[in-house]
Amino acid sequence: MSNDQKEIYTIGSKSYTAVAINTAAKAGEWIKLKLGAHARLDLKSSSQDLVTEVDRGSEALIRNLIKTHFPDHAFLGEEGVGSGPEASVKALQEAIGEDYLWIVDPIDGTTNFVHGFPFFSVSIALAHRGEVIVGVVYDPIHDELFVAEKGKGAYLKGKPMRVSAEARLSDSLVATGFPAGTHTTLPVNMKGLQSIAPHVRNIRVVGSAALHMAYVAAGRLSGFWEIGLNSWDLAAGALLVKEAGGEVTDTMGRSYSLPVRHVLATNGGIHRELQLQLAAADATGYEA
Ligand code: 2AM
Ligand code: CA
């Protein structure tokens with residue numbers, strides 16, 4: 001085969017980041033189309049079933065597009081894994097050693113999606129031997145696509161993102177989240193809220209961990225913590241925050257890696273103060 005012919009048939013020549021961006025954008029647009037229609041249908045029958053269809057549909061779309069470009073890459077998506085933390089941990093353990101692993105949340109913020117609360121996102125990350133090298137979070141309602149490449153920065157609409165400058169909790173706007181259906185996490189979350197609230201300017205709970213991370217990267221939030229998350233909620237956002245100059249650890253202050261489930265992501269300036277406060281309140285999600 002001549003070189004010319006080879007080039008014509010090399011579909012996989014697109015960059016990883018370009019594929020992540022195009023795929024997140026396409027999935028996001030599709031989800032947006034389903035928003036009104038499903039909200040109305042949900043009232044009549046089971047809202048969970050309907051939203052599961054959109055989640056699954058979005059994941060299938062993403063998987064197919066990625067497999068088209070990179071058939072040899074591995075894929076870990078929320079909808080391909082059984083429910084509960086044990087299944088999530090096991091699925092990640094099995095996949096983390098892959099050379100190239102796409103880690104996907106087809107809708108992050110499903111509760112918001114069901115209720116028509118306009119904050120949810122598509123989260124797509126690519127890990128190389130366990131390290132995230134591309135992260136894309138797309139919010140189709142506000143048409144905001146947050147993208148980061150390891151070592152090359154984080155960008156929103158072509159402009160570099162930078163974390164905010166607050167150096168004290170008292171000047172900070174921070175966010176947290178309440179993962180649904182995990183009874184064990186609620187008491188810990190309440191302890192965290194009670195302890196942090198008096199020390200910060202204010203607290204937001206928007207309902208999409210990936211968006212919270214993107215907002216830390218964009219300097220809209222000074223920091224974010226949440227316990228009981230999965231790799232697909234965090235992988236893309238963690239790279240966004242790091243590449244925007246922020247800090248990402250678990251709630252004990254240990255470096256972020258894919259298995260982390262209790263996360264602390266900040267502008268760096270308030271990281272230690274927030275971590276100490278969570279620890280003092282016994283709100284890290286880890287055994288004391
Ligand atoms: P999801 O919409 O993809 O489920 C909100 O607090 C955050 O927690 C969202 O990112 C949401 O992601 C995640 N979340 C909701 N329920 C969860 C559960 N049972 N376990 C882990 N994460 C959950
Ligand atoms: Ca999801």
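In this predicted model, S231 counts as buried because its relative accessibility is 6%, where buried means under 20% relative accessible area, exposed means over 50% and partly exposed lies in between, as judged with a 1.4 Å probe on protein chains only. S231 is found in helix α8, which spans residues 231-243; helices (H or I, at least four residues) and strands (E, at least two) are DSSP runs numbered from the N terminus. When residues up to four places away in sequence are not counted, S231 touches L76, L92, I103 and L258, a contact being defined by heavy atoms within 4.5 Å. Residues are numbered from 1 along each chain as its sequence is written, while chains are lettered from A and ligands numbered from 1 in the order in which they are written. Local features need pLDDT of at least 70 and side-chain atom pairs count only at pLDDT 80 or more, whereas totals for chains, interfaces and linings use all residues, and side-chain values use heavy atoms, with hydrogens and water left out.

The secondary structure of the protein comes to 9 helices and 12 strands, and 51% of its 288 residues count as buried. Among the contacts with a separation of 6 or more, 67% are accounted for by residues 24 or more positions apart.

Helix α8 also contributes to the second largest pocket, for which it supplies the largest share of the lining, 4 residues; β4 (131-139) and α8 each provide at least two lining residues. The volume of this second largest pocket is about 160 Å³, and its lining includes E131, K150, A238, K242 and L258. On a 1 Å grid over the protein atoms alone, a pocket is an open set of points where a 1.4 Å probe fits, with protein on both sides within 12 Å along at least five of seven lines, and lining residues have an atom within 4 Å of a point. Grid points are joined across faces, edges and corners, and a volume is the space filled by probe spheres set on the points.

The calcium ion (ligand 2) is coordinated at 2.1 to 3.1 Å by E78 (OE), D105 (OD), D105 (OD) and I107 (O), donors being N, O and S atoms within 2.8 Å of the metal, or 3.2 Å for Na, K and Ca, with water not among the atoms, so that sites may look incomplete. Along the chain, these donors follow the spacing E-x26-D-x1-I. Because E78 lies in the loop between β1 (74-77) and α4 (85-95) and D105 in strand β2 (residues 100-108), the pair ties together parts that are 27 residues apart in sequence. E78 is partly exposed, at 24% relative accessibility, whereas D105 is buried, at 0%.

In the largest nonpolar core, of 45 residues, F146, M213 and L240 touch the most other members; such a core is a set of buried Ala, Val, Leu, Ile, Met, Phe, Trp, Tyr and Cys residues joined through side-chain atoms within 4.5 Å. At least three residues of this core come from each of domain 1 (3-160) and domain 2 (169-280), with bounds taken from an automatic or database domain assignment. Apart from this core lies another, of 26 residues, among them A20, I66, F113 and L126.

Most residues other than glycine have a negative phi. R129, however, has a positive phi near 50° and is placed in the loop between β3 (121-128) and β4, where R129 is exposed, with a relative accessible area of 58%.
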